[in-house]
Amino acid sequence: MLTKAPRGTKDVLPSESYKWQYIEGFIREICDVYDFKEIRTPGFEHTELFLRGVGESTDIVRKEMYTFTDKGGRSITLKPEGTSPAVRAFIEHNLYAETQPTKLYYITPVYRYERPQSGRLREHHQFGVEMFGAKSASADAEVISVAMTLLKKLGLNNLELRINSVGCPVCRKNYNKVLKEFLKENLEYLCDDCKVRYEINSLRVLDCKVESCQRITKDAPLITDYLCDDCKNHFEELQKYLDVMGYNYIVDPRIVRGLDYYTKTAFEIISKDIGAQGTVCGGGRYDGLIEECGGPSMPGVGFGMGLERLLLTLEQNGIEIPKPEGVDLFIAYIGEEAKWYTFALANKLRFNGLKVERDNMDRSLKAQMKYANKLNAKFAIVIGEEEMKENKVKLKNMRDGSEVEIKIDEIEQRIKNI
């Protein structure tokens with residue numbers, strides 16, 4: 001057990017980490033042009049935050065949270081999603097008192113005790129954005145656009161944007177009555193989880209992935225037929241914003257998302273090239289969440305995107321992430337004096353921005369040059385007693401084998417010019 005990672009976790013080795021850095025770089029660039037600022041929240045929070053924020057009827061709260069009692073007797077939970085911690089920070093630091101909207105993004109590990117599967121682990125990583133303080137449907141459309149822009153710029157085109165409105169507490173109250181009446185006839189045939197959902201939040205039955213429950217809910221009344229005027233207008237406005245941006249979308253009344261805090265807009269972005277686990281992004285509006293967590297009455301909208309699943313989607317679409325280039329310069333040495341000299345030289349060149357490597361294994365000169373090839377070095381030099389005395393080296397182009405004699409003091413500028 002000592003040398004094996006816990007089930008549902010995965011090491012990201014150097015041979016793969018460049019892919020994560022590439023995607024994270026894209027995320028930061030796109031969030032910057034949309035003027036979303038990064039927030040970093042703790043890896044664990046008080047359990048009460050998720051009970052109130054995520055909702056007690058959700059699978060996350062009922063089955064998947066890593067919860068423990070700390071030495072002070074407090075109930076603590078590892079972060080299972082990113083929105084509630086961002087809301088807590090928004091309230092705690094009085095960000096609501098600043099000019100609105102507040103636009104935040106995060107890249108964070110999240111923890112859920114669930115069956116590990118392709119693209120999802122017990123510790124996985126989530127990119128999310130949150131916009132607090134804006135009630136207009138333009139905020140919903142902008143948040144959706146951040147996700148679509150990222151996916152398209154990464155090269156994903158076979159995408160499907162699905163949108164729905166899950167209403168507000170006013171119209172959802174009427175819909176829940178109708179839905180419960182519909183489900184009542186087949187209540188005994190629902191799965192055990194849905195029997196609990198039926199009592200706590202019947203809307204969540206529509207999100208069940210059990211085939212028998214899906215058959216029962218296939219002909220359930222649609223929430224879009226029960227929207228109040230405010231929710232209906234908001235949903236129509238969202239569609240107009242998506243239209244003017246040129247996004248194709250499907251109105252799917254079955255989308256309710258897996259968290260209790262959603263109101264009005266709910267959306268998913270699906271890749272058609274990832275099989276059954278096709279949702280690469282999901283989100284929506286949560287106008288009551290900030291108040292539920294102890295803050296002022298303020299609207300919010302956001303999304304979450306799993307990075308493991310995003311990497312899997314890119315792979316299944318045949319999109320290759322460019323590998324990092326090799327080192328700029330490899331410095332080989334001959335002799336004891338040159339060993340010390342080249343160590344200082346490498347340090348100086350690195351300080352000035354060159355990617356430099358040298359031997360730390362006391363290899364022979366021949367082995368050092370083999371190592372330079374393995375590192376995919378662009379240039380190499382060999383320094384011995386004579387080179388140190390004359391302040392000259394032969395700069396070898398490792399791509400074509402050509403050599404040019406230059407002064408050691410000119411190495412940095414020569415490579416940067418090339």
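Helices (H or I, at least four residues) and strands (E, at least two) here are DSSP runs, numbered from the N terminus. With that settled, here's a quick tour of a predicted model, in which local features need pLDDT of at least 70, side-chain atom pairs count only at pLDDT 80 or more, and totals for chains, interfaces and linings use all residues. Residues are numbered from 1 along each chain as its sequence is written, and side-chain values use heavy atoms, with hydrogens and water left out.

**Domains**

- Domain bounds come from an automatic or database domain assignment, and for this chain that gives domain 1 (14-168 + 228-317) and domain 2 (329-417).
- Taken over C-alpha atoms, the centres of domain 1 and domain 2 are 48 Å apart.

**The second largest pocket**

- A pocket, on a 1 Å grid over the protein atoms alone, is an open set of points where a 1.4 Å probe fits, with protein on both sides within 12 Å along at least five of seven lines; lining residues have an atom within 4 Å of a point.
- The second largest pocket comes in at about 510 Å³, where a volume is the space filled by probe spheres set on the grid points, joined across faces, edges and corners.
- Its lining has 21 residues, and K10, E16, E308, L311 and E315 are the ones nearest the centre.
- α1 (14-33), β6 (123-132) and α11 (307-316) each put at least two residues into that lining, with α11 giving the largest share, 5 residues.
- By type, the lining splits into 8 nonpolar, 4 polar and 9 charged residues; Ala, Val, Leu, Ile, Met, Phe, Trp, Tyr, Cys and Pro count as nonpolar, Asp, Glu, Lys and Arg as charged, and the others, Gly among them, as polar.

**Helix α11**

- Buried means under 20% relative accessible area, exposed over 50%, and partly exposed in between (1.4 Å probe, protein chains only).
- In α11, 8 of the 10 residues are buried, so the helix is largely enclosed by the rest of the structure.
- Those buried residues are L307, E308, R309, L310, L311, L312, T313 and L314.
- After α11 comes G318, with a positive phi near 70°.

- Two strands count as paired if DSSP finds at least two bridges between them.
- At the β8 end, 2 bridges tie β7 (residues 159-165) to β8 in parallel, with R162 opposite I250.

**Other strand pairings**

- β12 (residues 329-333) runs parallel to β14, joined by 5 bridges; F330 has A380 of β14 as its bridge partner.
- β14 also pairs antiparallel with β15 (residues 392-397) through 2 bridges, and F379 stands opposite N397 there.
- β14 (residues 379-383) has 4 of its 5 residues buried, so the strand is largely enclosed by the rest of the structure.
- β4 (residues 75-78) is joined antiparallel to β2 (residues 44-46) by 3 bridges, with H46 partnering I76.
- β3 (residues 67-69) is likewise antiparallel to β4, again through 3 bridges, and T69 faces S75.
- The β3 and β4 hairpin has 5 residues between the strands, and among its residues G73 takes a positive phi near 80°.

**Annotated binding site**

- According to the unreviewed UniProt entry, the "binding site" annotation covers E81, G82, T83, R112, Q126, E130, R257, Y261 and Y262; UniProt positions are in the numbering used here, feature names are shortened, and annotations may be inferred rather than shown by experiment.
- One of these, Q126, lies in strand β6 and is buried at 10% relative accessible area.

- Q100 and P101 are joined by a cis peptide bond, with omega about 10°; P101 belongs to the loop between α4 (83-92) and β5 (102-111).
- N94 is found in the loop between α4 and β5 too, and has a positive phi of about 55° despite not being a glycine.
- At 40% relative accessibility, N94 is partly exposed.
- K264, in strand β9 (residues 263-271), is another non-glycine residue with a positive phi, near 55°.
- K264 counts as buried, at 10% relative accessibility.
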